[in-house]
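Me: I would like to learn how to read the features of a fold one by one. Could you walk me through this example?

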Amino acid sequence: MKKLLIALALTALTGLPTLAQTQTPTAEQYFANAQQLAAQAEIAYPQPFLDLPLWDSAVGNAQAAADLAPTELKYLRYAAELYTTTQWWIKAYDAWKLYESKTALDDADKTQAARSAAKLGYLALQRGVKAEAITYLQESLRWKEDASARA
């Protein structure tokens, strides 16, 4: 609770503009808001989950930036990172696939993309959908070799 109050106080002190105050936000404004909200969320919450308000707003702003400027790869990459961070695995996987279709992934990107695919593979195994699990796990291994995913 104390961390949440600190984050809210930081928001008030920094004058983080709300999107309601801005007539037509630009992709850069959404991106800046996403970064500020994510920084506040890291302080406010012990775990990053999408159902927490600051994380939800950060992800929403990041996706809005990516939607407004689809050729600006930093916005798409940041959305993919936040989806991965907040454990929204299918959105993370889809965002990494889209990002990869536009540019080569670096090692850090591959690690995050592989994690999203491995998590989806594991979830498919839990549901008993082996064919789907194999597809995700193969994709995970394509991005990054991992003994756990291979097993």
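Reply: Gladly, and let us begin with how elements are named: helices (H or I, at least four residues) and strands (E, at least two) are DSSP runs, numbered from the N terminus. In this numbering, Trp88 is found in the loop between helix 4 and helix 5. Please keep in mind that this is a predicted model, where local features need pLDDT of at least 70, side-chain atom pairs count only at pLDDT 80 or more, and totals for chains, interfaces and linings use all residues. Residues are numbered from 1 along each chain as its sequence is written, and side-chain values use heavy atoms, with hydrogens and water left out.

Me: How many helices and strands does the protein chain have?

Reply: There are eight helices and zero strands. Read from the N terminus, the order is α-α-α-α-α-α-α-α.

Me: Is Trp88 buried, partly exposed or exposed?

Reply: The general idea is a scale of relative accessible area: buried means under 20%, exposed over 50%, and partly exposed in between (1.4 Å probe, protein chains only). Trp88 has a relative accessible area of 34%, so Trp88 is partly exposed. For the protein chain of 151 residues, buried residues make up 40%.

Me: And what is Trp88 in contact with, leaving aside its neighbours within four places in sequence?

Reply: Contact means heavy atoms within 4.5 Å. With those sequence neighbours left out, Trp88 is in contact with Leu50 and Tyr83. Across the protein chain, take the contacts between residues at least 6 apart in sequence: 54% of them join residues at least 24 apart.

Me: Which residues does Thr86 touch, leaving aside its neighbours within four places in sequence?

Reply: Thr86, too, is found in the loop between helix 4 and helix 5. Its relative accessibility is 3%, so Thr86 counts as buried. Beyond the sequence neighbours, Thr86 is in contact with Pro48, Phe49, Leu50, Trp55 and Val59.

Me: How do I check the span of helix 4?

Reply: The expected span of a helix is 1.5 Å times one less than its number of residues. Helix 4 has 13 residues and should therefore span 18 Å, which agrees with its end C-alpha atoms being 18 Å apart. Among its buried residues are Tyr75, Leu76, Tyr78 and Tyr83, and what covers the buried residues of helix 4 includes helix 2 (27-44), helix 3, helix 5 and helix 6. After helix 4 comes Gln87, with a positive phi near 65 degrees.

Me: What does helix 6 look like by the same reading?

Reply: Helix 6 (residues 107-127) has 21 residues and should span 30 Å, and its end C-alpha atoms are 30 Å apart, so the two agree. At the start of helix 6, a side-chain oxygen of Asp106 comes within 3.1 Å of the backbone nitrogen of Ala108. Gly128 follows helix 6 and has a positive phi, near 80 degrees.

Me: Which residues of helix 6 are buried, and what do they pack against?

Reply: An α-helix has 3.6 residues a turn, so residues three or four places apart point the same way. In helix 6 the buried residues include Asp109, Gln112, Ala113, Ser116, Ala117 and Leu120. The buried residues of helix 6 pack against helix 4, helix 5 and helix 7 (130-143). Thr111, also in helix 6, is partly exposed because its relative accessible area is 34%.

Terms used:
A polar contact is a pair of N or O atoms within 3.5 Å; within protein, one must be able to donate a hydrogen and the other to accept it, and residues adjacent in sequence count only if both atoms are side-chain atoms.
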